[in-house]
Amino acid sequence: MDRDSHHPIRAHTQTKPELFSSRTEESVLRRASHEDQSKARKFLINVAETKQLILDREDTDNNFQITVDDLGPKTLALGTADSGGYRKLGIRGNYMLSNLLQELAYAEDYGRKYIVLDEARLNENPVRRLSRMIRNTFWHNLTRCMDADGLELTCADTKDRTATTDSRPRIYIPAGEEAIFQYYQAAKAERPRLQHLQVEYLPKVITPEFVRDINNRPGILALAMKPIAAKTSADESPSPTSALRALPYIVPGGRFNEMYGWDSYFSALGLLQDGYIDLAKNMCEHFAFEIKHYGKILNANRSYYLCRSQPPFLTDMALRVYAHLNDQDLGTSSLSVPCEEGEYDGSEIAQDADQDNETNEDWLRRMLQSAIKEYHQVWMSPPRLDPMTQLSKYCPDGLGIPPETEPSHFDNLISKYAEQAGLSIVDFDYKYTQSLIKEPELDAYFLHDRAVRESGHDTTYRLDGVCANLATVDLNTLLYKYEVDIAHAIDDLLGGHLVDMDGHQQTSSEWLERAEARKQRINKYLWHPGDSLYYDYDTVKKKQTTYESATAFWALWSGCASNEQAEALATRSLFKFENKGGLVSGTEKSRGTISVDRPNRQWDFPFGWAPHQILAWEGFANYGMVDIASRLAYRWLFMITKSFVEFNGVVPEKYDVVSLSHKVEVEYGNQGLEFKYVPREGFGWMNASYQVGLTYMTRKMKSALATLADPDDLFTCALEREQRSRPVSVRIQAIDYRRKSFLAMEELADQLHDTVITKISSRNPSPRPSEDLFPPTYTLSPPSSSTNLEVPTPHEAVHPCL
Ligand SMILES: OC[C@H]1O[C@H](O[C@H]2O[C@H](CO)[C@@H](O)[C@H](O)[C@H]2O)[C@H](O)[C@@H](O)[C@@H]1O
Ligand SMILES: [Ca+2]
């Protein structure tokens, strides 16, 4: 594609106009009425001059972004295109100025000195703008490919804290993957820029000692590659670099420049939504490769992550990709990349059609075989399987202090031991990790700490010092999902035929039995009927924990809650987690008091994370509570849109969902904030949450979002009206995402109109819950009036202030 001929900036690039060059930017502002109002306004802009002017006048805190923290005049005079830059018109406000800075940065990327810019670009609907940037820019910039061209970027890692590190770029290749080894050796020989690259084999058996011992030689771990068919017979000795093709994938962003386990799942949801199906498919392929060679889906593909995994999502991810592949084949997919004219269309990363002849069904079969291997080998074996409850725990191998953590992370903990040993923290850290100093107390601490990191929830007082003992609700509901997914796939997608990697026939009935047994154990050990909440179970103390975590809603996502449990979660527990900006990770009460010696943790109150939101939305929707799903999605998207508008387009890793702030100074800080002039990546799962969240919005909710209508006002008004008119929420049948595309969700959301804003406590009471799950004393209060069923029109459901 000739990008320049279409790009809204590039296409309008002008040669330097005489008049413009003689004018200064400080010219008098003219009123809009002096221009032809019937025409869309366009500005002729000197890129470098204007950028410098904005920064000088408006960027008062000198962070190369225009935000509401800046105290400049927030106005700028721009020359109109019609007048050749002679006549000036004013633009105003933080959003327009920051958008101008962003557009100028894009123009500079393309070496433009002058551009003609539509005013519409500067006051673009922020929902549309952000969604467009995610789809057309952010995914692209988060894409990595471990081929000869992409290696340099892939190898870069800012996390390492080991003083003795040999910082040459390094790639580790699994034992036996000779062609891959040859590929990288050849790439090194062919590219002067890769001359320092270290290409090393991993041993066949990877032990915790080995992983510890290469902490001072950290490297990226090889991922899946595909053979390329030889082109001609004349091509007798082709380079190994032309024999294999690397498969692009997405990284989370910021300091996380490698492929993560659960991040990849959430990113994949956004990629599928945006039509990048091959990228999502590649990441499944990489997971299968990791299971084969590294024994598990890795926390991420760096050497220091070799011992641990992350929350498992492979079956669901593969099923979703499969559904899109089939849609594509049938030509029914409407999810082709919906690119704006002239913008990056994702062609380089999206059009990665497989050369081999594997059918979609065979591909799915292969993915499920990998998932089955992972299920048995990782999650259903010691030490992760608890023999008594037969539930699973996060419990990885490893030795010493995790080298990827920020340098001061363990200072509070270690200083006591370092003092006793008469060593500096750094020296103690080294000697302890090398087992030159024995500290059984610390061994226990780090066993749990590694488990915390495997859980993805690093860190939280929910799991601190105890994680490896806990059968958590998150892990066990995810495994329940594996079990039902595999059963469903065997019956409904694979014609009843699936063998595992050892050739054993799999049947849906055995997988459903596993699921049923797990559900019963979840109900027995994790469900608390009195509190209407799932908790984790401490397998050593043999009792439930009391920490209230948003992971309880994963039972809805996986479908293992009964209708009564779902209703109870919605009516009696959701309010503890629901804040203005969405769901908080855990309640304030559960977090406890914070002090200098007990610092805040990023997976505790008041912080909220994309995975928790997305799983809860889908969980409530699964049980017909689309109204709740949409309300929660609105809150989350409101917060993202607000900071996007106010903070120069920022899309961070996480939020304080109580104060709606992205300025999170905890642990390694927030990611995604460090950019100059224009955001380029966002953050993987946040990008996904935005695109997925929009599918829960009606058109009117999207309009409300674009005007930043406050969710509390929005839903309070709606509640008041609802109390007057219709106290009973409309039940919408849950959609089965395995069979229907996300499009169905979009249509469903549009049908909802007003019902998306329904008071939780006014829901219909469930039929009498079963006695074993609920104590006899438990009752749900009926709504005050359940007879008046007058339904407000969709029009009335819009926020009155709009
Ligand atoms: O470096 C500290 C920790 O960083 C990672 O955890 C955080 O980022 C991950 C990538 O976005 C995410 O998966 C995880 O949920 C976050 O808490 C890493 O996964 C940890 O192992 C690491 O110690
Ligand atoms: Ca600034």
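This is a predicted model: local features need pLDDT of at least 70, side-chain atom pairs count only at pLDDT 80 or more; totals for chains, interfaces and linings use all residues.
Local features require pLDDT of at least 70 and side-chain atom pairs pLDDT 80 or more, while totals for chains, interfaces and linings use all residues. Residues are numbered from 1 along each chain as its sequence is written, and chains are lettered from A and ligands numbered from 1 in the order in which they are written.

The protein chain is assigned domain 1 (3-124), domain 2 (145-331), domain 3 (411-471) and domain 4 (547-797), with bounds that come from an automatic or database domain assignment. Domain 1 contributes 12 residues and domain 4 eight residues to their contact, which counts residues whose C-beta atoms, placed from the backbone, lie within 7 Å.

Helices (H or I, at least four residues) and strands (E, at least two) are DSSP runs, numbered from the N terminus. Helix α14 (residues 360-379) has 20 residues and should span 28 Å at 1.5 Å a residue, which agrees with the 27 Å between its end C-alpha atoms; the expected span is 1.5 Å times one less than the number of residues.

An open sheet of three strands runs in the order β12-β15-β16 with antiparallel pairing, where pairing requires at least two DSSP bridges. Because β12 (470-471) and β16 (543-544) each have a single partner strand, one side of each lacks a neighbour in the sheet. Ala471 has Tyr537 of β15 as its bridge partner.

Terms used
Two residues are in contact if their C-beta atoms, placed from the backbone, lie within 7 Å.
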